[in-house]
Structure formats: structure tokens, C-alpha cells
Amino acid sequence: MATSSGTTSSGSPPVQNWEGAMDQRKRKRMQSNRESARRSRMRKQKHLDDLMAQAAQLRKENAQILSSVGATTQHYVNVEAENSVLRAQMMELTHRLGSLNEILSYINSNSAAVGAGGCMFESEEFQQVGFGDGGAWNSMGLSHHPIMAEMFDY
């Protein structure tokens with residue numbers, strides 16, 4: 001409380017109290033600013049840590065994807081090679097089937113001439129043409145077809 005002499009009950013002049021209160025507020029504000037800056041630095045560090053973790057996770061996922069793409073590419077190359085082999089085998093088998101169909105057509109066209117009940121391979125015509133010793137088959141280029149050899153084993 002103010003007295004007639006201009007001092008407060010604490011004994012200090014009013015200007016000093018005012019300056020002390022200002023200093024107190026200034027110190028409080030500085031402390032608050034320091035805390036705010038510290039919290040800001042912590043948030044910034046946490047954000048940086050989160051970004052670093054996310055970058056590491058993305059690198060890991062990228063490596064897994066690249067590995068998967070590599071494995072898929074290798075599988076594709078293998079399948080293409082296998083398809084190429086299968087296409088070549090299909091062409092060979094198609095050629096062999098055509099040859100067999102020609103032979104069957106020839107046999108069927110000559111079976112009427114052999115007569116009922118007889119075997120074409122025992123006919124006189126068959127023996128005269130030279131089929132009995134395999135010479136005509138060889139001359140037709142059929143001796144190196146394994147299917148042909150198997151067909152006559154029956």
C-alpha cells in the first residue's frame with residue numbers, strides 16, 4: 001500500500017517494483033521461449049527420424065521388388081526357352097505324323113489289291129517291290145524315323 005512518502009508497504013519505490021515485475025515477466029517469457037524452441041527441435045528431430053525410417057523401409061521394399069522382378073524375368077526366360085523346345089518338338093512330331101499318314105494312305109490304297117484275308121506285307125507285289133527286305137523303306141528315307149520302326153514292331 002502506498003504511504004504519503006511514495007513508498008510501498010515493502011519499502012521499495014514503485015518504479016523498482018515495476019522494473020522487477022518487468023524483469024520477472026521477461027525472464028518468464030524467455031524461459032517459455034526456450035521451452036517452445038526445445039519442443040520445436042524435438043518435433044523436428046522426431047520428424048527427421050520418421051523420414052529416415054520411412055526411407056529405410058522404402059529402400060527395403062525397393063530391393064524386394066527388384067529381387068522379385070529379377071526372379072520373374074529369369075522365370076520368363078526359362079519358360080521362353082522351354083516353349084522354344086516344345087515348338088521344335090511339335091514341328092518334328094507334326095512332320096512325323098504327316099509321314100505316317102502318307103504311309104497309312106499308301107497301305108490303305110494297296111490293301112484292296114491284296115484281297116480279303118491276306119496281309120499286305122506277305123503279298124507278292126510287296127515282295128517284288130522290295131519292301132520285304134526294307135530296301136524300299138530305306139529308299140523313301142523312313143528308316144531313321146523311330147516311330148516307323150516302332151510301328152512295324154507290332
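**A conversation about a helical model**

Visitor: What is the relative accessible area of Glu 92?

Guide: Glu 92 has a relative accessible area of 35%, so this residue counts as partly exposed. Please keep in mind that the structure is a predicted model.

Visitor: Which residue does Glu 92 form a salt bridge with?

Guide: The partner of Glu 92 is Arg 96, and the closest N and O atoms of the two are 2.9 Å apart.

Visitor: Where do Glu 92 and Arg 96 lie?

Guide: Both belong to helix α1, where 4 residues, or about one turn of the helix, separate them.

Visitor: How many salt bridges does the structure hold?

Guide: The structure holds 3 salt bridges. One of them joins the side chains of Lys 46 and Asp 50, with an N to O distance of 3.1 Å.

Visitor: How many residues apart are Lys 46 and Asp 50?

Guide: They are 4 residues apart in helix α1, which is about one turn of the helix. Asp 50 itself is partly exposed, at a relative accessible area of 41%.

Visitor: Which side chain meets Arg 38 in a salt bridge?

Guide: Arg 38 meets the side chain of Glu 35, at 2.9 Å from N to O. Because the two residues are 3 apart in helix α1, which covers residues 14-114, about one helical turn lies between them.

Visitor: Are Arg 38 and Glu 35 buried or exposed, or something in between?

Guide: Arg 38 is partly exposed, with a relative accessible area of 36%. Glu 35 is likewise partly exposed, and its value is 29%.

Visitor: Changing topic, how many helices and strands are in the protein chain?

Guide: The chain contains 4 helices and 0 strands. Along the sequence, this gives the pattern α-α-α-α.

Visitor: Where is confidence lowest, and where is it highest?

Guide: Helix α4, residues 146-153, has the lowest confidence in the chain, with a mean of 50, whereas α1 has the highest, at 93. For the protein chain, the average pLDDT is 78, and 62% of the residues score at least 70.

Visitor: How much of the chain counts as buried?

Guide: Of its 154 residues, 12% count as buried.

Conventions
Residues numbered from 1 in each chain as written. Predicted model: local features only at pLDDT ≥ 70, side-chain atom pairs only at ≥ 80, totals over all residues. Heavy atoms only, no water. Salt bridge = Lys/Arg side-chain N within 4 Å of Asp/Glu carboxyl O. Buried < 20%, exposed > 50% of the residue type's maximum accessible area, 1.4 Å probe, protein only. pLDDT = per-residue confidence, 0-100.
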